[in-house]
Every structure is written in C-alpha cells, then in structure tokens.
Amino acid sequence: MKRRSAVRWMIVGLIAVATVVNYIDRNALAVMWPEISREIGASKEDYALLVTVFMLFYAAGQFLFGRLFDVIGVRLGFALSIAVWSVSIALHALAHSIVSFSVFRALLGVSEAGAWPGAVKANAEWFPAKERALAQGIFNAGASTGAIVSAPLIALLFLWLGWKGTFVLIGALGFLWLLPWLIVYRAGPDRHPWVDAAERALILDDPSGGDAAAPARIPTLRELMSHRQSWGIVLARFFLDPIWWLFVSWLPIYLAETFGFDVKQIGLFAWVPFVGAMLGSLAGGWLSGRLIAAGWSVHRARKWVITLGGAIMAPALIGAVVAADPLIAVLTIAAVLFGFQVAIGNIQTLPGDVFHGGAVGSLAGVGGMAAVAGTLITTWLVPAMTRESYAPIFVLVAALVPLSLIAIWWVAGRIERLDLPPRHS
C-alpha cells in the first residue's frame with residue numbers, strides 16, 4: 001500500500017527550525033547582558049527599556065505581518081521576516097550605547113514578530129483540525145528548543161568570540177535556513193507538486209474547513225472583532241503571554257541577581273525551564289488532537305486542554321516564590337512553562353478553528369499585539385517589583401492565569417467555524 005505524502009510535516013518542521021533560530025537571536029542579549037551592561041555602563045532599568053522597545057515594535061510587527069501574510073502568503077512572508085531579523089541581529093555587533101541597541105532591537109522586534117502569525121496561518125492551511133494543535137505544538141516546541149539551546153550556545157560563543165562576534169555569527173543562521181525553505185515550500189497544499197492525492201484530500205476535505213482553497217478575502221479589523229470568539233482569543237493572549245515573556249526576557253537577570261550567577265553559570269542553568277516548555281508544547285498538542293480523534297468536539301477539546309495548562313501553571317508559579325535553591329527554582333519554573341505551553345498552543349490554534357482564508361493571519365496578528373500589550377505592563381513593573389526579590393512579580397503573573405481562563409470559557413463562547421459575510425461593492 002502506497003504511503004501518503006507528508007509535505008505538511010516538512011513544512012511545520014522547517015517553521016519549527018526557524019523558531020529555534022528566532023529564539024537564539026532574541027535571547028542572545030539577555031544571556032550576555034551582564035557583560036554588555038558592564039562594558040557600556042548600562043543598568044537594569046536600561047535593560048527594561050530595551051525589552052520595552054523590542055516589545056513595542058514586536059507588537060507592531062505582529063499586526064503588520066499578520067496582514068502581510070494574508071496578502072503575500074506564507075512562503076514569501078517567512079522569507080521576508082527571517083531575512084530582516086537575521087540582518088538586524090548581526091547589526092547588534094555595531095551597537096555601543098542604549099540608543100544604538102534600541103534601534104537594532106526595534107528592527108529585530110518588527111521582523112521576528114512575523115513568525116507567529118505566519119505559523120498560525122500555515123497551520124490553518126496545511127492541517128486538519130485534529131492535527132492542528134499538534135502542529136502548533138511542534139512549532140512552539142521550536143521556540144522552547146531555541147530557548148534551551150540559546151543559553152549554553154550563546155555562553156559558549158561568547159567565551160570564544162566575545163559578544164560582538166557572537167551577534168554576527170548567529171545572524172548567519174537565518175540565511176542558512178532560507179535555502180531549504182524556498183525549495184520545500186513551493187506552493188500551498190492545493191497546488192504543491194509534492195503533495196499526493198491522499199494528503200491533499202486529508203487537508204482540503206477536512207470538515208472544519210481546510211484553508212488553502214478558501215477565498216482569501218481579508219476582513220477589516222471591525223469585521224474581525226465583531227465576533228465574541230475574536231475577543232476571547234485576544235483577551236486570553238493579553239493575560240497569558242506575559243508569563244512566557246517574563247521568563248524569556250528576565251530569567252538570566254533573575255538568576256544573576258538572585259543567585260549571583262555570571263554568564264557561564266547562566267548558560268548552565270537557564271536552559272532547564274525550557275525543557276519543560278518543549279514537553280508542554282508537544283503534550284498539549286498531542287492531547288488536544290487525541291481528544292478530537294476520540295470524538296470530542298474542537299470546542300470541548302481546546303477549552304479543557306487550555307484549562308489543564310492553567311491548573312499546572314498557577315500553583316507552580318506560587319512554588320517559584322519560595323524556591324531558595326537555584327536548581328529547585330529552575331525546575332519549578334520548568335513546570336510553569338510546561339503548563340503555559342499546554343495552554344498557549346491550543347489558544348494559538350483558535351484563529352484557524354474559527355476563521356479561514358484571509359482572516360486567520362489577521363486575527364493571529366491582533367492576538368499577538370494583545371499579548372505584547374500585556375507583556376509591556378509586566379515589563380514596566382519588573383524593575384520596581386523586584387528590588388528585594390522576584391516573589392511579587394511571580395504572584396502577580398499567577399493571578400493572570402484565571403483571567404485568561406475566564407476569557408476562553410465565558411468571553412469566547414463556543415469555538416466553531418464562522419463565515420465572514422461577503423463584502424458588498
């Protein structure tokens with residue numbers, strides 16, 4: 001019996017690799033900050049400013065690339081995003097002050113943002129509903145893998161090349177990725193020459209609405225946000241994403257300030273929590289797909305798996321408050337990020353569950369903007385709330401978990417396919 005082609009898994013695999021590169025690039029500054037800050041005479045507040053600049057432009061990039069992916073498609077959208085962010089991270093080697101670092105962090109933020117709405121759109125186009133959360137989990141596992149490898153890799157490169165040489169070398173990684181991407185992603189599943197009839201039927205005949213053949217009308221923002229499902233998704237991202245970004249942006253600084261770690265020690269410890277995140281990405285996607293295959297509705301499966309993630313996350317955050325040993329601290333944070341990824345992978349599939357065609361990338365982009373807005377608030381609070389310890393900020397973000405569940409259960413309503421009305425000329 002002839003095996004069905006598996007081009008969709010090649011696509012998501014390449015996107016996952018792009019996300020590994022994405023996180024190596026964005027985490028490099030945090031890992032090397034203890035040394036960079038001494039060299040340029042910068043403070044913790046300066047670092048918070050750089051995080052803020054990155055996140056503001058990341059928010060703009062989410063919306064920009066969300067719309068852009070709906071216009072130019074996944075293939076060119078990813079190529080543009082990763083080419084620009086690879087140049088921008090290499091340019092960090094030229095920075096010599098907070099101002100110049102801010103300029104390059106802004107460019108990095110805009111361009112790196114493209115990966116997330118692009119992945120959601122590719123997921124909706126290439127995967128049926130029962131596989132969609134697992135595909136998103138694989139993509140998110142790429143982010144976690146990037147966070148795992150970035151700390152020891154950056155520490156090693158720093159010891160070998162210094163911080164400037166490290167920025168240049170990691171900037172080359174994105175261009176190495178572009179060649180296989182342009183070869184493999186030749187077209188959507190309806191026209192791709194490597195996709196056989198069986199795989200095409202699996203994708204396009206999905207009753208939840210495979211996207212590749214759907215009309216690509218791009219809705220206005222008002223049309224998009226006229227549905228309660230859109231508001232529920234956006235609010236869930238606003239409340240939940242700050243938990244992830246707290247540890248992505250501040251974990252190396254937390255280890256340095258709480259336990260007196262240098263760059264080498266950060267490299268030894270900072271990867272551990274993201275192993276939990278990687279496992280959570282895969283577990284949440286697998287469980288959701290398993291429940292749908294067992295007969296659960298998309299609505300029921302997504303919401304209960306998201307709730308399970310929240311039930312893991314909140315107690316673990318409280319546990320992190322009392323962790324006095326660095327190993328216990330990073331293991332507890334690993335449990336936090338495991339629960340986070342179980343939940344967020346399913347939340348990120350929801351735009352593809354409720355819309356199709358030209359709405360998916362746009363809603364994913366708006367959700368990404370909301371995520372950044374929530375993250376900016378916590379970023380501004382970190383320097384003020386962590387003068388004595390990081391316990392207050394951990395308690396604060398733990399309180400965000402039930403708010404995200406309220407958004408999913410009560411604001412979003414039923415998770416089901418919605419059709420946008422035709423636009424009248």
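Author: This is a predicted model.

Reader: What do the side chains of Arg38 and Glu35 form?

Author: Side chains of opposite charge can pair when their charged atoms come close. Here Arg38 forms a salt bridge with Glu35, with the closest N and O atoms 3.2 Å apart. Arg38 is exposed, at a relative accessible area of 61%, while Glu35 is partly exposed at 26%.

Reader: How many salt bridges are there by this rule?

Author: The count comes to 10. One of them joins Asp353 and Arg132, at 2.9 Å from N to O. Asp353 lies in helix 13 (residues 326–354) and Arg132 in helix 6, so this pair ties together parts 221 residues apart in sequence.

Reader: Are Asp353 and Arg132 buried or exposed?

Author: Buried means under 20% relative accessible area. Asp353 has 5% and is therefore buried; Arg132 has 1% and is buried too.

Reader: Which residues are linked in a network of salt bridges?

Author: Arg8, Glu131 and Glu199 are. Within it, Glu131 pairs with Arg8, the closest N and O atoms being 2.9 Å apart. Glu131 is in helix 6 (residues 129–184) and Arg8 in helix 1, so the pair ties together parts 123 residues apart in sequence. Both Glu131 and Arg8 are buried.

Reader: Which residues form a nonpolar patch on the surface?

Author: Met10, Leu179, Ile183 and Trp194 do, with about 380 Å² of accessible area together. Met10 sits in helix 1 (residues 7–40) and counts as partly exposed because its relative accessibility is 38%.

Definitions and conventions. Residues are numbered from 1 along each chain as its sequence is written. This is a predicted model: local features need pLDDT of at least 70, side-chain atom pairs count only at pLDDT 80 or more; totals for chains, interfaces and linings use all residues. Side-chain values use heavy atoms; hydrogens and water are left out. Patches are made of residues with over 30% relative accessible area and no salt bridge: like charges are joined within 9 Å, nonpolar side chains (Val, Leu, Ile, Met, Phe, Trp, Tyr) within 5 Å. Accessible areas come from the Shrake-Rupley method with a 1.4 Å probe; for residues, only the protein chains shown count as cover. A salt bridge is a side-chain nitrogen of Lys or Arg within 4 Å of a carboxyl oxygen of Asp or Glu. Helices (H or I, at least four residues) and strands (E, at least two) are DSSP runs, numbered from the N terminus. Buried means under 20% relative accessible area, exposed over 50%, partly exposed in between (1.4 Å probe, protein chains only).
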